[in-house]
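Dear colleague,

Please find the structure below, together with its sequence. My notes on it follow.

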Amino acid sequence: MKNFLKWLKNPASDFALFLIVLVLANLVSNKAFLRFDLTQNKTYSLSKVSKQSVKTLEEPLSIKVFFSQNLPSPYNTVEQYVRDLLVEYKGESNGKFSYEFYDMESAENQEMAQKYNLKQIQIQEVKNNEVGFKQAWMGLVILYADRIEVIDQISSSDGLEYKITTKIANMISTTNALAGLSGKVKLTLYASPSLSVLGIDNAKLEKVVKEAYSNVNMRNMNRIDFESETPSNDDEIDYLANTFAIQALSWTTRSGEKYRGVLGLVLEGEDNAKAVPIGVERSLFGYDVAGLDDLEENIQDTLKALVSKVQVIGYVTGHEEADLSDNQAGAALFENLIKDSYSFKEIDLSKDAIPAGISTIVVNGAKTELSEAELYKLDQFVMKGGNLALFIDPFMEVQSGGQQTFFYNQPTYEPIETGLSKLLDSYGAKIETGYVFDKKCYSTTQQGMGKLDLNWVPMLQKKELNQQSVISSNLGYVLFVQSGAIDISEAEKNTDVKATVLAHSSAESWLKSEGIILNPNMISAPKAEEMKSYNLAVMLEGSFKSAFDSPVSTSAQKEDEQGEKSDIDLTAIEHLSKSSQKGKIFIAATSTITSPQLIDENGSQPIAIFVRNVIDYLNGSEDLCSMRTKGLSSLNTLNVRNGAAVAFAKLFNQYVLVLLVAVAGLIAWSKRVAHKKAIRSQFDPNDAREGDRVREDNTQKNDGEAK
């Protein structure tokens with residue numbers, strides 16, 4: 001024992017003790033670990049919504065991860081991010097969360113991945129100074145109760161936590177909804193026999209639908225029944241088309257024979273029904289059925305919308321607003337952007353009252369004026385704590401020359417009067433008539449014309465986006481198109497209202513109200529002193545003053561028992577002159593940010609994320625905003641646009657930074673040597689002088705040998 005204690009005191013035991021401590025520390029950390037996330041937007045930490053989702057699991061949830069090994073950069077970091085993220089989920093769970101990584105070199109595991117409909121992704125690989133391609137597995141499968149969800153082709157970590165958490169939340173809600181059904185959901189294929197005239201094989205179509213149905217049914221507790229019907233008479237065709245909004249067709253052959261038919265796929269629940277998007281379309285070789293490529297996914301999405309308790313948002317119609325059914329120039333992609341958590345309900349305020357249960361209303365690109373009664377309904381909705389999202393265009397584009405337009409014809413821009421200014425004036429906001437032009441804008445290159453600056457498309461980067469708001473803080477940039485300017489100076493004076501500028505143009509902007517020409521070759525910027533920044537999107541929160549001093553009749557005329565018309569108006573009893581509850585009002589001076597011109601089908605563009613964040617924020621889901629944008633701000637873009645400045649920044653990052661690090665290392669090393677020498681000189685002067693003498697002798701010896 002004495003020898004052991006003597007050995008412990010001896011410096012010879014230091015290395016052995018270090019190894020023992022290292023092993024023990026690893027054993028402890030395997031059970032109890034501590035991590036610190038030092039990233040700017042907490043990229044590697046779970047959001048509150050994610051933590052809550054796994055903490056309240058009622059049944060076991062498992063995740064199977066199918067990732068190829070030894071992936072090249074940058075895909076290897078994605079795999080590590082997935083591992084780190086799942087560790088965080090498990091650490092926050094109530095013990096019912098588990099995950100497993102599968103070796104994708106195994107043929108058995110590859111077969112399993114294929115059964116889950118996972119597909120390999122082709123990635124680029126640089127090997128032996130040659131660029132090649134490699135097939136890789138990059139997906140995961142989530143299993144909860146009898147339901148299965150797949151996230152495939154995970155080539156980036158951006159938004160991955162949002163995807164996983166929303167999948168888990170939807171699985172839980174859909175499982176609970178399916179379990180609560182007294183019966184089953186019915187999937188029905190309606191295909192008329194007359195479709196064979198168009199070359200459509202109904203038997204083949206039914207086989208494809210059955211295969212997709214079987215996969216979806218297996219993933220949803222086998223709660224779906226399937227049947228096929230062949231409607232042929234006109235009354236039946238008209239009934240199905242009007243009831244389920246499926247495709248009714250009529251055509252005449254070259255021989256003069258007339259046919260009618262219907263094609264549709266419908267999911268029916270206990271008290272509602274939804275159509276799965278399929279239909280006949282013309283192709284190069286005749287007619288085909290569109291929607292079969294993504295049929296399984298579309299059935300799954302429609303089922304979610306059918307049984308899940310999604311939040312309903314009012315969508316004002318009747319004033320040439322952006323059409324929700326138009327995916328070419330309307331708001332169909334806007335609706336698709338929010339459909340996982342919300343659904344739009346069209347409201348014609350001239351006829352309908354605002355339904356109970358709606359907490360948010362959207363007015364998107366109205367072109368004609370709202371009546372006093374319609375404005376009053378919106379005003380009282382806000383007074384009761386309702387939320388508004390207003391996408392207001394300052395101008396309507398009118399083509400000169402009628403239907404015929406030529407390259408030399410310039411459209412004119414007429415101001416739009418919607419009447420919404422009456423509400424905004426009372427709430428402390430004003431949209432100025434004019435388009436905001438910005439030197440810091442989107443640029444394009446055209447053959448023969450070179451670089452063209454589209455000044456009416458401001459490019460807003462971090463400096464122009466509010467970094468304190470969860471709506472815009474993590475976005476690298478967004479684009480606005482043909483936007484007006486918003487003045488909120490009055491709202492900022494109101495102590496009951498919190499006014500927040502979410503997006504503004506750069507200081508090199510100007511507002512043009514007359515003689516507008518959106519031709520990059522015909523735009524000239526004003527003097528520098530005439531330029532300033534303009535607000536493009538704002539959020540108002542708090543208690544507002546009503547725009548109406550007295551009630552406005554919103555009731556229709558009704559006939560009494562004697563046949564005489566009488567006005568019934570009870571709105572005077574409910575009139576509110578000030579907000580009874582706090583509300584939120586979002587204002588954007590353009591509706592283009594909700595159109596296909598800026599929103600992509602996948603909703604991955606920054607402006608699409610911005611718009612979705614606005615909807616979530618209005619509906620009280622602020623945590624989803626920050627979770628959705630995690631990692632997006634990690635790729636910081638250059639704020640300079642000058643070519644020489646860009647070249648300088650590139651060279652500085654590639655070479656100057658490396659040189660500065662090397663110089664800093666040399667300085668640190670020399671200071672360390674000097675520090676050691678000073679210590680030796682202070683505590684052992686003889687050793688220091690002996691060291692200097694030895695170095696001097698060695699120097700003289702080397703000099704002599706050299707001579």
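**A buried aspartate**

The side chain of Asp 393 forms a polar contact of 2.6 Å with the side chain of Ser 591. Please bear in mind that the model is predicted. Asp 393 is located in the loop that connects strand 17 (387-391) with strand 18 (395-398). Its relative accessibility is 8%, under the 20% limit, and Asp 393 therefore counts as buried. Leaving aside residues up to four places away in sequence, Asp 393 touches Gly 365, Lys 367, Ile 416, Thr 590, Ser 591 and Thr 592.

**Strand 10 and its partners**

Strand 10 (residues 258-268) pairs with strand 7 (residues 185-191) in the antiparallel sense, over 6 bridges; here Tyr 190 stands opposite Gly 264. Strand 9 (residues 247-252) also runs antiparallel to strand 10 and is joined to it by 6 bridges, with Ser 250 opposite Arg 260. The hairpin of strands 9 and 10 has 5 residues between the strands, and Gly 256 in this hairpin adopts a positive phi near 95 degrees. A further hairpin, through 4 residues, leads from strand 10 to strand 11. Strand 11 (residues 273-276) pairs antiparallel with strand 10 over 4 bridges, and Val 276 is the bridge partner of Leu 265.

**A nonpolar patch**

Phe 4, Leu 5, Trp 7, Leu 17, Ile 20, Val 23, Leu 24 and Leu 27 make a nonpolar surface patch of about 750 Å². Helix 1 (2-9) and helix 2 (14-31) each contribute at least two residues, and helix 2 supplies the largest share, 5 residues. Ile 20, found in helix 2, is partly exposed, with a relative accessible area of 48%.

Kind regards

Key. Residues are numbered from 1 along each chain as its sequence is written. This is a predicted model: local features need pLDDT of at least 70, side-chain atom pairs count only at pLDDT 80 or more; totals for chains, interfaces and linings use all residues. Side-chain values use heavy atoms; hydrogens and water are left out. Buried means under 20% relative accessible area, exposed over 50%, partly exposed in between (1.4 Å probe, protein chains only). A polar contact is a pair of N or O atoms within 3.5 Å; within protein, one must be able to donate a hydrogen and the other to accept it, and residues adjacent in sequence count only if both atoms are side-chain atoms. Contact means heavy atoms within 4.5 Å. Patches are made of residues with over 30% relative accessible area and no salt bridge: like charges are joined within 9 Å, nonpolar side chains (Val, Leu, Ile, Met, Phe, Trp, Tyr) within 5 Å. Accessible areas come from the Shrake-Rupley method with a 1.4 Å probe; for residues, only the protein chains shown count as cover. A salt bridge is a side-chain nitrogen of Lys or Arg within 4 Å of a carboxyl oxygen of Asp or Glu. Two strands pair if DSSP finds at least two bridges between them.
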